[in-house]
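Please open the structure in your viewer and keep the selection tool ready.

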Amino acid sequence: MSQIKDPEVSILAACSETLREEYGDLVVWTGSPFAWIKMRPSRQVGAIGEKLVSGYLATKGFDVTRSPDREADRLINGVRAEIKFSTLWKNGLYVFQQLRDQNYEFVICLGISPFDAHCWVLPKDVIMEKWRTGEIGPQHGGQTGQDTAWLHVKPSSIPDWLHEWGGNLSKVSSLVSKVTGQSPL
């Protein structure tokens, strides 16, 4: 972890290391504490992302529990949250998939690259607005796709509208407090 400079990324990396034993030690991103995630089947990667976000927010003092239904992933201080996770794609993008109009108040989009991480905390109304205006595109069915959307983010060139909602991990606690209306417990 000596290549990580941001202390917030170090905390997330420590959470990643505690999960590694559950999933094995397959390395693609040489030397990265997140390398093992890249080799997991896609159906596991989303669950890993949810656990990383849950563990990270718990270290920050938030009460994180599983949602009682499939309309949200977690309750964070009692507020319904959806969690989307992406590793950095070969083309330099994070791709947060399967955004839907479901029963949640906000979405946490966590993206990890070999030695860095980025996170955005987006209220549902912002997601829906950006989907309506085309700034978040439909995932299926071309431009007429209605059921799911995806958000593409290039960490080196973040869209202006997204800056307000995060970027680096140091903003996550204050943004989660803002969207939940509550400080960590």
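How many salt bridges does the count come to? A salt bridge is defined as a side-chain nitrogen of Lys or Arg within 4 Å of a carboxyl oxygen of Asp or Glu, and by this rule there are eight salt bridges. The model is predicted, so that local features need pLDDT of at least 70 and side-chain atom pairs count only at pLDDT 80 or more, while totals for chains, interfaces and linings use all residues. Residues are numbered from 1 along each chain as its sequence is written, and side-chain values use heavy atoms, leaving out hydrogens and water.

**First stop.** Select Glu 8 and Lys 60, whose side chains form a salt bridge at 2.8 Å, N to O. This pair links distant parts of the chain, 52 residues apart: Glu 8 belongs to helix 1 (residues 7-23), and Lys 60 to the loop between helix 3 (42-59) and strand 1 (64-66). Helices (H or I, at least four residues) and strands (E, at least two) are DSSP runs, numbered from the N terminus. Glu 8 is buried at 16% relative accessible area, and Lys 60 is partly exposed at 23%. Buried means under 20% relative accessible area, exposed over 50%, and partly exposed in between (1.4 Å probe, protein chains only).

**Second stop.** Select Arg 74 and Glu 50, joined by a salt bridge at 3.1 Å, N to O. Arg 74 is in strand 2 (residues 74-76) and Glu 50 in helix 3, so the pair ties together parts 24 residues apart in sequence. Arg 74 is buried at 6%, and Glu 50 is buried at 16%.

**Third stop.** Select Arg 132 and Glu 129, which meet in a salt bridge at 3.7 Å, N to O. Both lie in helix 4 (residues 124-133), three residues apart, and are therefore separated by about one helical turn.
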